[in-house]
Amino acid sequence: MSPPRYSNVPSVLLAKREKNRSQEAYLAAELEYIGQYKRKQTETNRFRHDIKNNLALTQMMLEKGHTEEAKAHVADMLGNVSALSPQYVTGDEMLDLIVSMKADRMNELNIRFTLDGVADGGLNIKPMDMCSIFANALDNAIEAASKCEAPSIDLNIRRTDKFFVIRITNTTIKKIDIGRLLSSSGYTSKSDKDHHGFGLMNVRTAIENYNGILKAESDNNKFTLSIMLPRVK
């Protein structure tokens with residue numbers, strides 16, 4: 001009988017390969033979901049293209065005394081604007097999409113979510129890295145907050161002279177061991193430790209690739225992840 005294909009490959013390496021494949025599949029799914037939101041942006045652009053004609057039609061209705069028809073037409077346009085306008089504006093289009101996507105999940109789990117501040121000019125990060133950083137970070141926040149009686153997640157964006165500082169704060173059921181969290185790539189609260197716990201490692205790696213800094217702090221009922229990314233001037 002011929003030996004197994006990977007008989008000479010250390011089991012730890014095989015496990016790492018499997019985890020990498022799982023993470024790649026996860027990111028591919030996230031980017032596909034983001035693609036759906038991008039298509040919504042196309043609908044917005046189409047509406048903008050037609051707005052001039054719609055305004056001209058409204059003006060013509062008013063000039064001819066068709067006031068009620070004009071009111072109805074304006075109401076239709078306002079409805080379209082409300083439906084197409086992004087609910088969350090972060091200053092970075094890709095981050096807008098990720099936040100909107102995760103906010104839908106928070107809504108499903110009855111997690112209160114707030115967004116404060118903008119990254120004016122954008123973060124200038126590749127889409128895959130944006131997904132690695134913020135999709136993972138928000139997923140971790142959702143997982144922790146969903147276990148609380150009054151779950152909440154707050155996303156705060158500020159800037160200094162050299163950095164954008166993005167803080168994600170979520171409720172927790174207990175204080176998090178920060179030292180263990182940041183020193184171990186495989187730290188996770190999930191029972192399936194072979195396929196989870198690599199989210200934060202990917203967050204940290206992606207941030208460091210942009211010469212950024214990752215920090216964390218926790219008390220008995222709150223956890224805050226601080227992401228510092230250099231501003232591109």
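Residues are numbered from 1 along each chain as its sequence is written, and side-chain values use heavy atoms, with hydrogens and water left out. Because the model is predicted, local features need pLDDT of at least 70 and side-chain atom pairs count only at pLDDT 80 or more, whereas totals for chains, interfaces and linings use all residues.

Helices (H or I, at least four residues) and strands (E, at least two) are DSSP runs, numbered from the N terminus. Strand β5 spans residues 222–230 and is mostly covered, with 7 of its 9 residues buried. Here buried means under 20% relative accessible area, exposed means over 50%, and partly exposed lies in between (1.4 Å probe, protein chains only). In a regular strand the side chains alternate between the two faces of the sheet.

Two strands are taken to pair if DSSP finds at least two bridges between them. Strand β3 (residues 163–171) pairs with β5 in the antiparallel sense over 9 bridges, and in this pairing I168 stands opposite L225 of β5. Strand β4 (residues 213–218) also runs antiparallel to β5, joined to it by 6 bridges. In β5, M228 is the residue opposite I213. A hairpin is formed by β4 and β5, with 3 residues between them.

The structure holds 8 salt bridges, a salt bridge being a side-chain nitrogen of Lys or Arg within 4 Å of a carboxyl oxygen of Asp or Glu. One of them links D139 and K102, whose closest N and O atoms are 2.8 Å apart. D139 belongs to helix α4 (residues 127–145) and K102 to helix α3 (residues 93–108), so this pair ties together parts that are 37 residues apart in sequence. D139 is partly exposed at a relative accessible area of 23%, while K102 is buried at 7%.

A salt bridge is also formed by D116 and R158, with 2.5 Å between the closest N and O atoms. Because D116 lies in strand β1 (residues 112–116) and R158 in strand β2 (residues 152–159), the contact ties together parts that are 42 residues apart in sequence. D116 is partly exposed, with a relative accessible area of 38%; R158 is likewise partly exposed, at 38%.

Within helix α6 (residues 199–209), E208 and R204 are 4 residues apart and thus separated by about one helical turn. Their side chains meet in a salt bridge of 3.5 Å, N to O. E208 is partly exposed at 47% relative accessibility, and R204 is partly exposed at 31%.
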